Amino acid sequence: MHITSNPWIWIGVFFTFSVLSFLYKDNPFYKLAEHVTVGVSIGYFIVIWWTNTVYPRFIIPVFENHHFILIIPAILGLMMVLRIVPKWSWLSRYAICFTVGGGAGMGIPRSMQTSVLRQLQATMLPLNLSTTAGINNIIIFIGVLAVLIYFFFSKEHKGVFGGAAKLGIWFLMVGFGATFGYTVMARLSLFIGRVLFVLQDFLGIKLAG
Amino acid sequence: MKIDRRVIYLIIALAMILPFFFPMGLPIPATKEVKSVYNYIEGLTSNDVVIISADFDPSVSPELLPMFDAMFRHCLRKGVKVLVTSQMVQGPGLVEPIIHEAAKEYRKTNGVDYAFLGWQYGYSLVVINMMENLKQTYPTDYYGTRTDELPILRRVNNYEDYDLITSITGSSTYMMWLMYAHEPYNVPVACGVTAVSAADVYPYIQSGQFIGMLGGLKGAAEYETLIGEKRMATMGMEAQNWAHIAIILFIIIGNIGYIAIGRKKRGA
């Protein structure tokens, strides 16, 4: 064991324990860690955004290379910021219109293709009981149909229709169960990351892979 | 009976810390989804180009950094050209030490065997532009070198030149690569996601849109097993397994208690 002398790792360990102290109860160390995280994240983003985007993509092209066309999007960007000035906030709507229009135009056709049409196509599968893949296809087909029936609220869930809707609930529960299991795994992984940081980086303990 | 939640936290913490000192070496068999990503990269040659996009921030790095590490190392070992990008501003800072370490170990040169392009603002617009003109999207790399001067990018500039794109992400950023890279241009796409998102990705694997997926720390550990390098994720899996055993025991004990109390109430 060899405790590091790197001050950044000491700071990291301090904030790790400050955050974990919340498990015991809320306290000023946790609050400090929370506020520092938000502040540092925003500060970091602003610096990188300026050096990676504004300076090389606006300042240099406009003032050195005279690409004045870039002033138009820059004005739209400034209009967006005017939301914080109540008297001029209405100007931000023009920039928002442009963003929403462009975003919807780009996103809707691609979303339809990616998440609707291709997913529909993926349920149109050969159904047979002779192969494992065929049985899986039958389960997928029944599952999709049953869940869609569950979310159809224009007909009362009674009789055969009600039975199919109930089956849909079972399929949904299996899905939620899988998601929950994975979520537990994810949260544990985050803790494992911190344990490894404290053991290896801070205490200098060599762990076997 | 009521158990203080802090007692449960303590037991879970012990279940996760002790295995680091007393590992049992439990096996980590690779799943179909991870194998297909591995096999795909195994099938590539030194003329092929893989984009690995580190689309994550520190909050999910314990799960995703090992994935990046394993996949990047695999590509370098195979001699496949790698372009590292990021859709998250903190991503480049997180992966830079890994890139350095792996490149040094495999004796690979920045700009020749791999390029570290860093982060650009614009999210989906960056992906759309990358498919059309990479050098215009990234005029300089992470270190400020002009991309048109990088030897690795001499013959690489648009979707026709990408043999695989992998998005390693803690959000739904993988959808951007599907929507704007795979669907319009048919570029093969894989993803590495946090365990929370893994269940959402399965429909896209089943439909054949993703060639495969690495899900959470387990996915990263499986990949490490496949490349034969037991590193960060494999270490963590031992703790993960024991924590799962502890949680399963808690669920069983909780349910036995619940049933027993129910019977007592019915009896009274």
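Of the 209 residues that make up chain A, 6% count as buried, a residue being called buried if 20 or more other C-beta atoms, placed from the backbone, lie within 10 Å of its own, exposed if 12 or fewer do, and partly exposed in between. The model is a predicted one, in which local features need pLDDT of at least 70 and side-chain atom pairs count only at pLDDT 80 or more, while totals for chains, interfaces and linings use all residues. Residues are numbered from 1 along each chain as its sequence is written, and chains are lettered from A and ligands numbered from 1 in the order in which they are written.

Chain A holds 6 helices and 0 strands, where helices (H or I, at least four residues) and strands (E, at least two) are DSSP runs numbered from the N terminus. The radius of gyration of chain A, taken over C-alpha atoms, is 27 Å, well over the 17 Å given by the globule rule (2.2 Å times the number of residues to the power 0.38), so chain A is more spread out than a compact globule. Along its principal axes, the C-alpha trace of chain A spans about 65 × 60 × 35 Å. Of the contacts in chain A with a separation of 6 or more, 25% are accounted for by residues 24 or more positions apart, two residues being in contact if their C-beta atoms, placed from the backbone, lie within 7 Å.

P61(A) sits in helix α2 (residues 28–63) of chain A and is partly exposed, with 14 other C-beta atoms within 10 Å. Once its neighbours within four places in sequence are left aside, P61(A) is in contact with H67(A) and L70(A), whereas 44 Å separate its C-alpha atom from that of A186(A), 125 residues away along the chain.

Chain B is divided into domain 1 (1–27 + 238–268) and domain 2 (31–230), with bounds that come from an automatic or database domain assignment. The centres of these two domains, taken over C-alpha atoms, are 38 Å apart. Beyond its neighbours within four places in sequence, F68(B) is in contact with I52(B), A54(B), V95(B), I98(B) and I168(B).

Helix α1 (residues 5–21) of chain B has 17 residues and should span 24 Å at 1.5 Å a residue, and its end C-alpha atoms are 25 Å apart, which agrees; the expected span is 1.5 Å times one less than the number of residues. In α1(B), the residues A15(B), M16(B) and P19(B) are buried. Seen down the axis of α1(B), its buried residues fall within an arc of 85° (of the directions from the helix axis to the C-beta atoms), so they line one face of the helix. The face turned away from that buried side carries the exposed residues R6(B), V7(B), L10(B) and F21(B). The buried residues of α1(B) pack against α6 (159–202) of chain A together with α10 (232–267) of chain B.

The contact between the chains takes 42 residues from chain B and 38 residues from chain A. On the side of chain B that touches chain A, the largest share, 8 residues, comes from α10(B).
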